[in-house]
Amino acid sequence: MGPMSRRAFTLATVSALATGGCAATTTGAPRARPTDRGATGAPGARAATEMRGVWMATVENRDWPSRPGLSAAAQRAELTAHLDRAVRNRLNTVILQVRPTADALWPSPYEPWSQFLTGTQGRDPGWDPLGTAVREAHARGLQLHAWFNPYRIANHTDPGLLAASHPARTHPDWAVPYGGKLYYNPGLPAVRAFVQRAMLDAVARYPVDAVHFDDYFYPYPEDGQTFGDDDAYDRYGKAFPSRADWRRDNIDRLVREMAAGIRRVRPGTRFGVSPFGVWRNATTDPRGSATDAGAQTYDDLYADTRRWVREHWIDYVAPQLYWEIGATGADYTTLLDWWARVAEGTGTRLYIGEALYRAGAAGADGRPAAWQDPAELSRHLTLAARRPQVGGHLFFAAQDMAADPIGAMRRVVADHYARPASPPR
């Protein structure tokens, strides 16, 4: 996941836990099933190949750069410090957010430079952050996954605050204000085609190891608000049984078409998605998890993440399991087992998204006491090591890894990352 990434780092969704496109596409040939496994089950004894990744969010300067307007040299220094820290922690992958709000961290011909670099959207920062990140990551033996947000335009609703050349200003009919933010309308085929062109430009320019989407497709629901896609639905959705089915088809098409585009533009580059951890509750759908979550990706974000895994539309899935072991409503172990069953035999690799940001954080928001225990995250990895479907972990996020207030990451490294591991390929 004030205006922050991942739905205020998914805290709003965590607190919401209840206690009690239009052209036909092809998915392409199935990929070979991976043979590497994530762990052996014994602390410190890990497989030679597994995912050990960290997210680096740029939206609102969450992780990097630390603030807008730094010099190019200072931004480079901060970037390489994060990469060096990943190496010291024996990680092997960095997931860098390169398109946080319909803007770019590379010289894109489609969208303006990100305001999170200079403080002014469209202003050239004087260097190529994505190109540098790929080069510096690879020089350190790290993979670089390019993290894109497909539809978020801005963390406000005023198009006049966007750069004059911004596509949302030249195509105002593409934009929908909702929940205090501005989004591209996923129901418009022209939008879906455009956002793919914008993202694939980076894939064509740079040897990124993967393309990465997070949990944002249609926005998380806001009480008393309606996402304004009536016109698009009237034009394109009437053949579907419901608006919800049409919306899910829009997102399915985005995922299938993006997968095909990546294969076309740079064969061998992988495609992964990091969804909110609950597909559906079992009380909604017997195929769902034994959870009681206030949000469900299938129903609320119109993202059928289970289908994407089962039908192998994506190369890897990294569900955000941002709860503690034994959590009421969404238990980490319950969700770990559910995702392992979903991924088994599909060829889609399973990595687990871990809430490093919760470890040691202030408890004013009602976070459970488990997150004050530096061993909580290490226990997550121990549990996952017993599930052969799990191929590794991703930690949210880079600045929390740098701060590590109670030593939770140090404990993970000591218990599980005693030796380096090659990244999955």
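Which residue in β3 is the bridge partner of R99? In this predicted model, where residues are numbered from 1 along each chain as its sequence is written, local features need pLDDT of at least 70 and side-chain atom pairs count only at pLDDT 80 or more. Totals for chains, interfaces and linings use all residues, while side-chain values use heavy atoms, with hydrogens and water left out. The partner of R99 is F148. Helices (H or I, at least four residues) and strands (E, at least two) are DSSP runs, numbered from the N terminus.

The R99 bridge belongs to the strands β2 (residues 93-99) and β3 (residues 143-148), which pair in the parallel sense over 6 bridges; two strands pair if DSSP finds at least two bridges between them. Both strands take part in a closed barrel of 8 strands with parallel pairing, in the order β1-β2-β3-β7-β8-β9-β10-β11.

Strand β5 meets β6 (residues 181-184) in antiparallel pairing over 4 bridges, and A175 has Y184 in β6 as its bridge partner.

Turning to the helices, the axes of α12 (residues 332-343) and α13 (residues 376-385) come within 11 Å and cross at roughly 35°. The crossing is right-handed, that is, the near helix is turned clockwise from the far one by less than a right angle. Y332, T333 and L336 in α12 meet H380, L383 and A384 in α13, where contact means heavy atoms within 4.5 Å. By class, this contact has 4 nonpolar, 2 polar and no charged residues (Ala, Val, Leu, Ile, Met, Phe, Trp, Tyr, Cys and Pro count as nonpolar, Asp, Glu, Lys and Arg as charged, and the others, Gly among them, as polar).

A cavity is a set of points on a 1 Å grid over the protein atoms alone where a 1.4 Å probe fits but cannot get out, and lining residues have an atom within 4 Å of a point. The lining of the largest cavity consists of V54, M56, H82, R85, A86, V94, A398 and M401. Helix α3 gives the most to this lining, with 3 residues. By class, the lining has 6 nonpolar, 1 polar and 1 charged residues.

Technical notes: Axes fitted to C-alpha atoms, helices over the stretch in contact; angles between N-to-C directions. 1 Å grid on protein atoms, 1.4 Å probe; cavity = no way out; pocket = protein on both sides within 12 Å on 5 of 7 lines; lining within 4 Å.
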